[in-house]
Amino acid sequence: MSESELLKKYVNELHVSHDNVYVDLGCSYISNIPKEMVDGSHLSLFIEPNSDKTNQHPYANQENVTLLNKFATPDNIQKIIKDNVKSKEITILDIDIDSYDFEVLKSILEIKKPYILMAEVNEKIPYPIKFHVKYDHVWDGSHFFGMSFTTFCDLVKADYYVVNLKQNNVFAIRKDAANMQQDSYSDIYNQGYKEPRTKGNLNSFHYNSNVDHWLNLAPQDALQSIDKYFENYHGKYEIGI
């Protein structure tokens, strides 16, 4: 199943009545949220800092879509949400900003609890390593970005079931909106990224080849190796087990 198909599936599994409100941070040209869902939404809020992408965005002139050309940060995201979403519940929040995703997501969850979360994680950081980049680092094209799968799980565990990891995109559903049990985080990570990658089934992640050995290290050894690898970014990230 693609990310878009998974989102449709999870929306259909919600047992709450709601207006469909979608928020996509780092939407690029095309959102993971399917067009038919956006077309039928009460409101869809898309945020993209690249003006070339917002100028050519297919939803630029759609009446129920708000398209903002700006960076989402931990400092401004609460105001953006309050000004645009107001008192509505968020059905889906999709976040992929290649940098300080953790701190932006944490800020959002202080004021809103979207029913469904989809977030890009730094897939190469193995479970159970906690890792996230601090605000305000801008992605430089390297392995240094975002948050680990473990950090995402730790952030949302009180209110969400983590239900899937599709390569580098993790999905979670609010506990009070679905009937399910929490699977092992380790199993989700292994099935979603580690095992396909180590078995050679994720060739599109060829750029991770120089750090694939992290996947097979004991947690403490992996932590030390990752910390050493990112030594030039000292003070710009947090790491632990």
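This briefing describes the sheet, the helices packed on it and the nonpolar cores of one structure. The model is predicted, so local features need pLDDT of at least 70 and side-chain atom pairs count only at pLDDT 80 or more, while totals for chains, interfaces and linings use all residues. Residues are numbered from 1 along each chain as its sequence is written, and side-chain values use heavy atoms, with hydrogens and water left out.

**Sheet**
- An open sheet of mixed pairing is formed by 7 strands in the order E3-E2-E1-E4-E5-E8-E7; strands (E, at least two residues) and helices (H or I, at least four) are DSSP runs numbered from the N terminus, and two strands pair if DSSP finds at least two bridges between them.
- Strand E3 (65-68) and strand E7 (160-166) stand at the edges with a single partner strand each, so one side of each is left without a neighbour in the sheet.
- Strand E1 (residues 21-25) runs parallel to strand E4 (residues 92-95), joined by 4 bridges, and Leu25 stands opposite Ile95 in E4.

**Helices on the sheet**
- Helix H1 (residues 3-13) lies across E4, strand E5 (116-120), E7 and strand E8 (169-174), running at about 5 degrees to E8; axes are lines fitted to C-alpha atoms, for helices over the stretch in contact (heavy atoms within 4.5 Å), and angles run from 0 to 180 degrees between N-to-C directions.

**Nonpolar cores**
- In the largest nonpolar core, of 42 residues, Leu25, Ile77, Phe149, Phe152 and Val162 touch the most other members; such a core is a set of buried (under 20% relative accessible area, 1.4 Å probe, protein chains only) Ala, Val, Leu, Ile, Met, Phe, Trp, Tyr and Cys residues joined through side-chain atoms within 4.5 Å.
- Helix H5 (residues 101-109) gives the largest share of this core, 5 residues.

Key. Buried < 20%, exposed > 50% of the residue type's maximum accessible area, 1.4 Å probe, protein only.
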